[in-house]
Amino acid sequence: MPPRSQTSQKIQLLQGTLDMLILRTLILGPAHGHQIAKHIQRTTDDLLQVEHGSLYPALHRLEEKGWIAAKWEAAGKDLKREFKYYRLTAAGKKQLVAEESEWKQMTSAIARIMWPVAGTEGKG
Amino acid sequence: MSWLRRLLLPRSREQREKDLERELLADLEQEAEEQQHGLTPEEVKWAARRALGNLTRVREDVRAEWRWTSLLDRLEQDLRFALRTARKNPIYTLTAVATLALGIGVNTAVFSVVHTVLLRKPPYADPDRLVQVRQKFPKLGGGGLGASPAEFLDYRDRTRTLATVAGYEPAVFDLTTDDPSKEPAHIQALRVSHDLFSTLGVTPKRGRTFTKAEDVEGANRVAILSHEMWQRRFGGDLQAIGATIRLNEQPYTIIGVMPEGFEFPFNAASVGEPPVLWTPMGLTQQRIRDRGADFPIRIIGRLKPGASIDQAAQDISSIAAMFPKEHPELYRGNLHLEATVEVFGEGETARARPVLLAITGAVLFVLLIACANVMNLQLARAASRQREIAVRNALGASKGRLLVQLLTEGLFLALTGALLGTGLAFLLIRLAAKMWPSFVAGLSQAKLDWSVLTFTLAVSILTGIVCGLAPALQRDLGDAIRHAGRSGGGSQKRHGLRSALVVIEAGSAVVLLIGAGLLIHSLINVWRVPMGFSPDGVTITRTAFNRQRYPSNEPRHVAEREIEQRLAAIPGVEAVGLATHIPLADDRKIGYKLEGADIASIGWADHALVSGGYFAAMRIPILHGRTFGPEDTPNAPITAIINESMARQFWPDGSAIGRRLLWGGRRLTIVGIAGDVHVSALDSGAVQPTIYNSVYQVESAATTSAVFVLRASRDGGNLAASIRQAIWSVDHGIPVFDIRSMGQIIARSLETRHFAVGLLTAFATLALVLAVIGLYGVLSYAVAQRTAELGMRLALGATSGQVLRLVMSDGVRLSVIGVALGAVVGALAARGLSKLLFGVGSFDPLAFGLAAAVLVGMSMLASYLPARRAARVDPIVALRHE
């Protein structure tokens, strides 16, 4: 189905970033899906809206890869409700470090192209 | 490891679905709680829903991330689909499964035998480090000999590459009891040096092995039993250790029992009965002194750590090279001695290996043909499934998914075939063991154990992949879409592949037909070798007169003569004889030289001690002189009868009668010349010199064995009973252990050949049938596809004869290409058969010509049916067809 392949391309573009953000969020401690989404939203002053359509597939993907693990736990008022809490695994921590440094390299590389240091260019 | 846990304990699909539902619901409720700012409950719910987006879509996307679970899911779907397809096309499925079952079944059966006979490691510690020392006298021809006791001791004491050296020699014992209800048994045993078991690195299951002190003459009345013997004779009772058994009328103390499965030197490639008992060799000083008398001792050694087999060969060879220097009177002329080593067990498998390899090659070709047939079926079906494939592709099945689907179908067929094939293999092994009981012992030991089943699984998976991917091989799957819904046309390429498959099938069948033809031609040649005696109506009976029961020869002679007379009195018996060794079954050679000749001219002759009536009973003609008579007493000068070849070799002028020969210390006078008899196997080449002595005159170690030979005008079951009765009426203590016809003896001597011919012919026939079916299928399909074209031709004036020829020439062309290809491969394969050929060259025009003729003939037959159908096409119907 052609339209599907288009979306999947778009998702892929977002995928790596979202995965990294989820891993980073979980460094603060175990959290359930709703908390993770809210945390990213709040921290970025609502700049980044995490849709459930991306969040849950991402969580399950990370779980499949073994970077995060899940456990059901009661929470909320009177511990009435059970949430699926995700936590970072050792492999996940390693992955986060790797992705972080990759991300840094990429942003600095992009920055050098987009905003070259003024002066060096003018002299040429 | 979480992935490992997932692999081993995959969570069920429902479980995960429930989990996801719960997770999303929890989020939804949480969201709803947070949205509660003066909204009605209904509004809250919708706000939450909006925030979460399309829940169904979320679920779908999450599911896509469950890789392992979804893989299993798909597999289940594909399997269901394969089953459904199979049920919808029962004839197609049955044909494919049956073909694969045949292909896989014969491979499984043959592999199980190869595995048992050739691949199984003997039950010794580190068996690759065990070597066999072999001596031979190259000038005297013949195979590897053993060593004399003195030679054995020299190798043992002088070797620098072998850690230990042990010797053994075969022995037979009469096992007797005082219990008159028990028949005396004749058992195979082995006399061994005390360190044999430590050389092999085995320990007994119960008791102990021999000590050095027991390996001495007089002290060696101890025995170790095989597990089987322990069970049979003592019912597995531990009291057996320390018990006494009577061997050759002498008491032996049982000191140990070997573990189950221990066999030495007998193995799965051996023929006959395994030894069931071991006793110490206890070499006498007399035997050690008599260096050149006899070479019965087989030698086994274990390589020192770090020593290679080449070094050991050099070491042994140089020890043997010293013998002539130390004993110049002995190792001269024809007695020039050479020695070497080989990996232990190699000699045993040497006979069976070429046969089994040939059979293995044959079944691989059968599997190839079976695969090609199923591939052709798949191709034909893929053509009719184009529409289905196109529709499924249009509905979103990716190319990869369709490939996996095809693979699953192929694997389903192959694994079902393997299941049936395994059953077939089981029956085949049983049948073969029944038909050729004395080809190798391993034939009856072969079973479908885990390694065989693993092999079967591997073969069937490979087969399934090849067969399943056939439709994908031929063309891009995308073609299916473009051609969807249209018939005919564009099939040129596909037809090319199908034709190639038919050529491969025909070629493979030709290879097998050539192989079978070569072996059959060889067997016919073997049958034509003159045996020198007439086996019809001859029955042999093996008995033994052991030295303890008959310590002197006089009472033995009396008993033997008495038995000969009583046997002759049985109604229907025409002639009776006695021999220590009989042709085509026994092997006994002696060293002889002409009187007055130098020791260096010593030669080997086949030898037997016989009674005067033996020649008449076997219908061996006495060409000159006389047979043995009552005058040849132990006190008279020793007389001998020699065979025609020997007489001609030494006395071409015909003056052999009256000449003298020396055998050991005995002086023989030739009194008769008998016709040539093939003593060793019929396919072993020319007749060797043969010397006969009278069993009533000459005393030797051989005289404990006595084979009575009867020629009778009738046979039937009660002859054996009459024989037993006659013998036991003279002495009930004489074991009668083998009564069979001379025809059976001949068949047994050719068993290896019969086995090879029988199986190869069966597999060649199977291959031919499969190939012809394949050709028929392809031509039928082609005719069906070309109905319109053929109808057009007929409408435009082609005669039905022309159409017939057109279609038939297609089939014949393919088979001729196949024959040409098969002949080339066959010529290469025939070289591998060279060890089994007799009187036939590798390129035997008869075998090659017949194979080609049979294949072309059968393919003409296979083409005729579709061709006739084509010729009868009604042009009107054909044109409406499109």
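Modeller: A residue is buried under 20% relative accessible area, exposed over 50%, and partly exposed in between (1.4 Å probe, protein chains only). This is a predicted model: local features need pLDDT of at least 70, side-chain atom pairs count only at pLDDT 80 or more, and totals for chains, interfaces and linings use all residues. Residues are numbered from 1 along each chain as its sequence is written, chains are lettered from A and ligands numbered from 1 in the order in which they are written, and side-chain values use heavy atoms, leaving out hydrogens and water.

Colleague: Is Asp632(B) buried or exposed?

Modeller: Asp632(B) sits in the loop between β15 (622-625) and β16 (639-643) of chain B. Helices (H or I, at least four residues) and strands (E, at least two) are DSSP runs, numbered from the N terminus. The relative accessible area of Asp632(B) is 3%, under the 20% limit, so the residue counts as buried.

Colleague: Which backbone nitrogen does the side chain of Asp632(B) reach?

Modeller: Contact means heavy atoms within 4.5 Å. Beyond its neighbours within four places in sequence, Asp632(B) is in contact with Arg626(B), Thr639(B), Ser694(B), Tyr696(B) and Gln697(B). A polar contact is a pair of N or O atoms within 3.5 Å; within protein, one must be able to donate a hydrogen and the other to accept it, and residues adjacent in sequence count only if both atoms are side-chain atoms. At 2.9 Å, the side chain of Asp632(B) reaches the backbone nitrogen of Gly629(B).

Colleague: In chain A, which residues lose the most area to chain B?

Modeller: Buried area is the accessible area (1.4 Å probe) that two parts lose on being put together, summed over both. Between chain A and chain B it is about 2300 Å², with 46% from carbon and sulfur atoms. Together giving 30% of what the chain A side buries, the residues that lose the most are Glu64(A), Trp72(A) and Arg81(A).

Colleague: How many salt bridges are counted between chain A and chain B?

Modeller: A salt bridge needs a side-chain nitrogen of Lys or Arg within 4 Å of a carboxyl oxygen of Asp or Glu. The side chains of Asp19(B) and Lys84(A) meet in one (3.9 Å, N to O). Between the two chains, the count of salt bridges is 4.

Colleague: Which element supplies the largest share of the side of chain A that touches chain B?

Modeller: The interface of chain A and chain B has 7 residue pairs in polar contact, both at pLDDT 80 or more. On the chain A side, α2 (33-43), α3 (52-65) and β3 (81-88) each supply at least two residues. The largest share, 9 residues, comes from α3(A).

Colleague: Where do the buried residues of α14(B) fall, seen down the axis of the helix?

Modeller: In α14 (residues 386-394) of chain B, the buried residues are Gln386(B), Ile389(B) and Ala390(B). Seen down the axis of α14(B), they line one face of the helix, because they fall within an arc of 100 degrees. The arc is that of the directions from the helix axis to the C-beta atoms. An α-helix has 3.6 residues a turn, so residues three or four places apart point the same way. The place asked for is one face of α14(B).

Colleague: Is Asn248(B) buried or exposed?

Modeller: Asn248(B) lies in the loop between β6 (244-247) and β7 of chain B. Its phi is near 50 degrees, a positive value in a residue other than glycine. With a relative accessible area of 14%, Asn248(B) is buried.
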